[in-house]
Amino acid sequence: MIATVAAIIVISLVIIGSATHINTPSDERYWFVQRQGIFAIINGLLIFFLLNFDYKMLQHYGNRLYIFNLVMLVAVMVLGQSALGAQRWIQIGPITLQPSEFSKIIMIISLAAILEDKIGKLNTFKDLLPIAAYLGVPFLLVLKQPDLGTSLVFLAIFVGMIFAAGVNLRLLAMIFGAGIACLPVLWHFLKDYQKMRIMVFMDPNVDPLGSGYHIIQSKIAIGSGMLFGKGLFGGTQSQLNFLPENHTDFIFAVVGEELGFVGAAILLILYLILLYRGVKIAREASDNFGMLLAVGISSMLAFHVLVNVGMTTGIMPVTGIPLPLMSYGVSSLTTNMMSIGILLNIYMRRQKILF
Amino acid sequence: MVTKDFKGRLKILSITVMVVIFVLIARLGFLQVYDGEYYAGLADGNRIRLIPAMAPRGIFYDRNGTLLVSNRPGFTVSLLPLTAPISEDVIDRLSTLLKVDKVEIHKKIDQHSGFDPIRIKTDIGPEVLTIIEEQKEAYPGVVIEVQPIRNYINMDMAAHVFGYVSEISDDELAKRKGEGYRSGDIIGKFGLEKVYDKELRGTDGGEQVEVDVTGKPVQILGRKEPIPGANLTLTIDEKIQKVAEKAIDEQLLKIHAKAAAAVVLNPKTGEVLAMVSRPAFNPNLFARGISNKDWKMINDNPNFPLDNKAITGEYPPGSPFKIITGIAALSEGKVGPDEMIFDSGRHWIIPKVNSEGEALGWISFKMALAHSDNVYFYEMGNRLGIDKLEKYGRMFGLGARTGINLPYESDGLVANRAYKRKVFDDDWYLSETFDAAIGQGFNLVTPLQIAVVMSEIANGGIRYKPYLVKQITDPNGQVLKDFKPEELGRLDVSPDIIALVQDGLREVTTVGTAASSFGKDFPVKIAGKTGTAENSQGKDHGWFIAYGPFDDPNIVVAVLVEQGGFGSQSAVPIGKKILEAAFGIVNPEDAAQK
């Protein structure tokens with residue numbers, strides 16, 4: 001697992017280097033790589049330090065973390081800096097934090113803490129309601145930022161965790177049904193640009209020069225990589241600046257273009273190993289809290305990979321969801337590495353199988 | 001222990017994860033392997049062209065919203081090599097047609113990298129345009145782009161304030177790397193164009209076009225609309241600026257002088273209402289790529305048309321400096337307001353004299369200021385000493401840049417011992433104090449600095465930073481930045497003394513050196529000071545500084561005529577016309593002519 005994570009991060013640093021290579025002057029050329037690398041190392045050390053503590057103590061902090069989470073999300077609304085039409089950042093000294101990133105992992109801990117004693121007791125709508133409400137408040141706060149992507153991540157985490165907690169399957173199916181029925185209502189609450197993104201996803205030719213631009217460019221980038229790619233630093237799409245955000249949300253397009261199908265598939269296999277191990281850790285966890293944590297983290301990572309890669313390859317709408325451990329971004333990197341740290345922690349204290 | 005019952009569900013999760021990843025890999029395979037050829041074709045450098053669209057620069061307005069500087073569409077000849085490099089024949093033909101040296105064209109091709117067009121000549125005339133359009137087959141790889149070209153509507157009006165733009169140089173490119181500048185970009189080189197280049201330039205856009213083998217566009221794959229730059233609303237009043245320029249031009253012609261400068265300020269804020277420097281240049285020449293001939297003409301002019309003399313030119317302040325000497329002497333108690341001093345035409349210690357051999361007899365401070373008596377102020381210098389003179393000069397802001405938002409401002413110089421020690425390695429002599437007291441000797445000021453000095457007198461002692469931009473607005477009219485008056489300091493001088501100096505300056509235009517020009521009929525009460533600064537290089541420089549209305553001043557004028565002789569004859573007529581324009585007074589002579 002550690003090797004897999006390390007491999008993904010190394011690929012990430014190389015690709016960020018390539019993506020930011022051309023558009024940055026020589027003396028600052030490696031600024032992004034250095035920054036991401038430094039934070040990867042800091043986080044790595046932090047993980048090993050935190051392994052000394054038992055993850056089980058997190059359970060007692062579930063509610064306190066939940067409150068902290070709400071405060072943080074409200075703070076970003078009040079103090080936050082808006083970028084690209086959304087208020088998501090808080091500036092603290094030289095670092096800009098994106099609280100909605102951290103709130104994902106906090107949400108997982110809080111949910112695991114309250115779901116722990118409800119395992120197998122989620123059979124009626126009434127059983128589920130308090131938990132849904134518990135999730136609902138931060139969910140709406142994030143949606144308000146507006147950060148549709150992260151709020152969807154919340155939903156994915158929620159569904160994954162209640163599924164593992166043994167929710168009545170018929171109930172789950174009913175909720176899904178109701179959710180789909182509510183879609184037209186939800187549509188009205190979306191911002192114009194969000195509506196546009198979804199319409200563009202249905203048919204990129206609706207607006208090829210505006211909103212459809214990202215999808216078209218990203219598909220051209222990935223597609224033109226073909227089997228073996230154009231080589232590092234050789235991607236014409238990404239290097240010529242046709243593909244915006246190429247070191248953050250659209251980094252997978254750079255992988256696809258420069259490393260080809262082979263490279264991109266290897267990266268996805270690495271994710272598969274990571275996710276598979278995540279679920280395996282859930283199965284081997286020594287208690288339900290650990291199992292739920294591992295499921296929540298795996299759901300989060302899986303959803304991120306699905307939506308991000310799906311978006312760059314044109315099978316998912318554009319939402320600002322980064323690719324875990326790959327996309328440039330200190331907040332996202334920290335969240336993901338902390339999640340991996342928790343998985344490792346659970347694994348270390350797994351149930352010992354005796355023969 | 002994990003509850004056993006739901007272990008099966010975790011297995012389902014594992015399977016879901018695997019399915020997700022395999023779906024993604026399958027999608028990749030479809031894009032990259034099955035459809036790869038198609039996308040590779042699209043991405044291929046041979047089939048995609050980036051046609052940049054230059055962002056129009058921000059527009060300049062005067063304080064009342066009158067358009068000053070805008071953009072107009074111009075045609076640019078560029079090379080866009082498609083399948084093969086541009087042939088030698090075509091370059092030959094272009095060279096003759098555009099009158100651009102072949103070596104120059106080759107240089108531009110060699111220096112260029114990337115897939116965007118190589119600009120050869122901007123703003124071609126309609127004849128050239130027609131030839132290229134009609135004989136397209138003769139010019140394969142040659143394209144015509146439409147680009148916004150900077151348009152200084154009033155030609156050389158306020159050229160030194162606006163500045164000019166032209167293609168970025170290699171040096172500038174190296175210095176500004178990382179700020180988004182690229183070779184071939186248009187950049188502000190002087191004046192406000194230089195200072196606010198970042199705000200003015202906007203963001204270039206472009207079209208990504210798929211072309212067929214012959215270079216014909218097949219479809220547009222992407223377009224980034226250019227975002228126009230931010231607009232500047234200046235503090236300049238076009239009406240006053242025009243009158244000031246006309247008055248200076250006429251006066252220079254009349255008295256055969258070559259260079260002059262004028263500054264008009266609002267003493268209550270530091271806003272610059274007009275700023276003129278002569279000789280001037282036409283910034284439009286630079287915008288379309290200046291020809292060697294035009295450049296030679298500007299560069300070889302001995303009076304440096306490219307210098308903004310209002311802020312860069314350093315001149316001995318002459319008599320206007322007596323304001324500072326007077327305030328110093330009164331504040332330090334070296335002389336009483338009504339103390340009479342005898343002017344016999346020459347000072348009794350060092351035989352320095354009045355100009356024109358005048359001798360006024362017993363005179364008080366006010367009379368001395370109104371008549372610009374040298375002997376009186378020699379004596380003030382004698383009583384103060386050079387160190388006190390230096391202190392007051394600096395208190396008024398002399399010897400340092402005013403901080404106006406224009407490039408290449410000069411410091412000026414306040415006469416002092418350290419300077420003389422450093423430059424001449426010599427002690428200070430009393431005669432040099434005498435010279436300094438009447439604004440001669442080592443003292444040097446820019447017209448803007450002396451206008452600031454006059455503002456401090458007019459507003460009762462506040463030194464504002466002069467500024468030229470009121471507001472920066474984005475293309476939608478949203479305000480990005482509002483400029484407010486900025487106080488830099490206050491004179492440590494009692495209000496009584498300032499009032500006394502104001503009265504003295506008022507008498508300059510009623511009974512003193514400028515009385516013959518203004519006389520009793522001028523409808524607005526004006527306070528002023530003339531000056532005739534000795535110039536070791538030639539004829540004396542003429543000065544006139546003034547403010548009005550006397551009781552509540554909102555206009556300060558400073559005029560300098562290089563080698564214009566007496567200030568009262570060279571600079572005062574210009575200042576008077578500017579004041580008339582500022583106060584909306586119809587000159588009876590002009591009215592009669594009409």
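**View 1. Strand β20(B) is covered on both faces.** On one side sit B:H541, B:W543, B:I545 and B:Y547, on the other B:G542, B:F544, B:A546 and B:G548, and all are buried (20 or more other C-beta atoms within 10 Å of a residue's own, with C-beta atoms placed from the backbone). A strand here is a DSSP run of E, at least two residues, numbered from the N terminus. Keep in mind that this is a predicted model, where local features need pLDDT of at least 70, side-chain atom pairs count only at pLDDT 80 or more, and totals for chains, interfaces and linings use all residues. Residues are numbered from 1 along each chain as its sequence is written, and chains are lettered from A in the order in which they are written.

View 2. Look for B:A527 opposite B:Y547, and for B:A533 opposite B:H541.

**View 3. β20(B) and β21(B) make a hairpin.** Six residues lie between these strands. β21(B) covers residues 555–562 and pairs with β20(B) in the antiparallel sense, again over seven bridges. One pair to find is B:W543 with its bridge partner B:L560.

**View 4. Zoom out, and there's an open sheet of five strands.** The order runs β12-β11-β21-β20-β19, with antiparallel pairing. β12 (272–278) and β19 (527–533) stand at the edges with a single partner strand each, so one side of each has no neighbour in the sheet.

Note on methods: Pairing = 2+ DSSP bridges. Helix = DSSP H or I, 4+ residues; strand = E, 2+ residues; numbered from the N terminus. Buried ≥ 20, exposed ≤ 12 C-beta atoms within 10 Å, placed from the backbone.
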